[in-house]
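Here are my notes for anyone opening this one for the first time. Keep the viewer beside you and work through the points in order.

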Amino acid sequence: MLTRIDHIGIACHDLEKTVEFYTSTYGFEVFHTEVNEEQGVREAMLKINETSDGGASYLQLLEPVREDSTVAKWLAKNGEGVHHIAFGTADVDADAAAIKDKGVRVLYEEPRIGSMGSRITFLHPKDCHGVLTELVTSAAEPAPDH
Ligand code: CMX
Ligand code: CO
């Protein structure tokens, strides 16, 4: 079951400048930063609020680290802006399978590693009314037995 907005992914050219905007304009704080080589991004997670399912909602600021990454390609076409939305669930495997059964393309065979050791997958934006949609189970949520 999808129980929160886990994060909104925002693509930017310069992570430091974008972090500076979000911290100085709104007073948000950087909760975590990392490089995800597989996804081709450097990222900063800004925690906005905790959620009733025990998780939290973040902004995920993303700067590409490779010219051939999905975010670099998207920035070249669209410029900076909202890149994707992510819904949180305690069981990304089960939710991805159920959504796939409804005819939505799930981009990964198996969830991959996202921010802070989470497990993530994506739904094709063309099957989601133009919104690239991520499903995420945070590392703090033990996957239920199947
Ligand atoms: N939001 C909405 N639509 C998008 C999109 C996005 N972020 N990215 C691509 N599209 C649209 C394009 O506009 C294009 O539409 P048109 O054909 O109408 O022009 C279509 O999808 C195909 O786009 P493309 O530029 O040819 O890109 P690709 O098909 O090569 O890749 C996608 C698209 C979704 C498969 C790829 O971006 C992907 O695999 N994304 C998942 C991984 C990812 O985004 N990682 C970075 C974030 C990591 C994290 O959150 O931790
Ligand atoms: Co994301």
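Predicted model: local features only at pLDDT ≥ 70, side-chain atom pairs only at ≥ 80, totals over all residues.

1. Is Tyr58 buried or exposed? Tyr58 has 26 other C-beta atoms within 10 Å, so this residue is buried. Across the chain, 31% of the 146 residues count as buried.

2. Who are the neighbours of Tyr58? Setting aside those within four places in sequence, Tyr58 is in contact with Asp6, His7, Phe31, Met45, Leu46, Lys47 and Ile48.

3. Time to zoom out. The chain has 3 helices and 8 strands, and reading along the sequence you get β-α-β-β-β-α-β-α-β-β-β. A compact globule of 146 residues would have a radius of gyration near 15 Å, and the chain agrees because its own value is 15 Å. Along the principal axes, the C-alpha trace spans about 45 × 30 × 25 Å. As for contacts between residues at least 6 apart in sequence, 57% join residues at least 24 apart.

4. Next, the sheet. It is open, has 8 strands and mixed pairing, and its order is β2-β3-β4-β1-β5-β8-β7-β6. Which strands stand at the edges? They are β2 (30–36) and β6 (112–113); each has a single partner strand, so one side of each is left without a neighbour in the sheet. Helix α1 (residues 15–26) packs on the sheet, where it touches β2, β3 (41–50) and β4, and its direction makes about 150° with that of β4.

5. β2 and β3 run antiparallel, joined by 6 bridges, and Val30 has Leu46 in β3 as its bridge partner. Their hairpin has 4 residues between the strands, and Gly40 there takes a positive phi near 75°. β3 then pairs with β4, again in the antiparallel sense, over 9 bridges; here Met45 is partnered with Gln60 in β4. These two strands also form a hairpin, with 5 residues between them, and Gly54 in the turn has a positive phi of about 90°.

6. For a parallel pair, go to β5 and β8 (residues 133–137), which are joined by 4 bridges. Gly88 stands opposite Val136 in β8.

7. Finally, the ligand. How many residues surround ligand 1? There are 24, and the closest are Gln39, Thr70, Phe122, Pro125 and Leu132. The elements giving two or more residues to this shell are β4 (56–64), α2 (70–78), β5 (81–89) and β7 (119–123). α2 gives the most, with 5 residues. By type, the shell divides into 9 nonpolar, 11 polar and 4 charged residues.

Key: Residues numbered from 1 in each chain as written. Chains lettered and ligands numbered in written order. Near = placed C-beta within 6 Å. Nonpolar A, V, L, I, M, F, W, Y, C, P; charged D, E, K, R; others polar. Rg over C-alpha atoms; globule rule 2.2 N^0.38 Å. Buried ≥ 20, exposed ≤ 12 C-beta atoms within 10 Å, placed from the backbone. Contact = placed C-beta atoms within 7 Å. Pairing = 2+ DSSP bridges. Axes fitted to C-alpha atoms, helices over the stretch in contact; angles between N-to-C directions.
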